[in-house]
Amino acid sequence: MPENVRLEDLSELERKIFGLVVEFWPASALDIAHHFNEDIGSRDARKKASTKYSYYLKKLLNKKVVLGKRVGNAMVVWPLVVEKYRTIHNILRE
């Protein structure tokens, strides 16, 4: 996690979502909803779950706890530590 953001600074739901992102990256809002056993069977239910968890993913992005990218209409996020893996990989490749 970034040095300026501590786990205690996140809400309980943000901590749970962050834990899921760390464990199952890359993750989208619907992936998070699936892990929380949300009903995503109908179009309206998917839309509601996507809106709900997209809000929290954006909060984590703003706090610079995760990184993300839009893929189509979905926001896909991954832990910040993955960028360190990428850097190490690039160094070893050279």
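Strands here are DSSP runs (E) of at least two residues, and helices are runs (H or I) of at least four, numbered from the N terminus. I note that this is a predicted model, in which local features need pLDDT of at least 70 and side-chain atom pairs count only at pLDDT 80 or more, while totals for chains, interfaces and linings use all residues. Residues are numbered from 1 along each chain as its sequence is written, and side-chain values use heavy atoms, with hydrogens and water left out.

**Sheet.** I counted 6 bridges joining β2 to β3, which run antiparallel. Two strands are taken as paired if DSSP finds at least two bridges between them. I read the open sheet as 3 strands in the order β1-β3-β2, with antiparallel pairing. β1 and β2 (66-71) stand at the edges with a single partner strand each, so one side of each has no neighbour in the sheet.

**Helices on the sheet.** I found α1 lying across β1, β2 and β3, at about 80 degrees to β3. α3 packs on the sheet and touches β1, β2 and β3, its direction making about 130 degrees with that of β2. Angles run from 0 to 180 degrees between N-to-C directions, with axes fitted as lines to C-alpha atoms, for helices over the stretch in contact. Contact means heavy atoms within 4.5 Å.

**Faces of α1.** I checked burial next, where buried means under 20% relative accessible area, exposed over 50% and partly exposed in between (1.4 Å probe, protein chains only). E14, I17, F18, L20 and V21 are buried in α1. They cover an arc of only 160 degrees around the axis, which puts them on the same side of α1; the arc is that of the directions from the helix axis to the C-beta atoms. On the other side of α1, I found E12 and E23 exposed. The buried residues of α1 pack against β1, α2, α3, β2 and β3.

**Core.** I noted 18 residues in the largest nonpolar core, where I17, V21, I32, L60 and V66 have the most contacts inside it. Such a core is a set of buried Ala, Val, Leu, Ile, Met, Phe, Trp, Tyr and Cys residues joined through side-chain atoms within 4.5 Å. α3 gives the most to this core, with 5 residues. Beyond its neighbours within four places in sequence, V21 contacts residues including I32, L57 and V66.

**S28.** I located S28 in strand β1 (residues 27-28). S28 is buried, at 14% relative accessible area.
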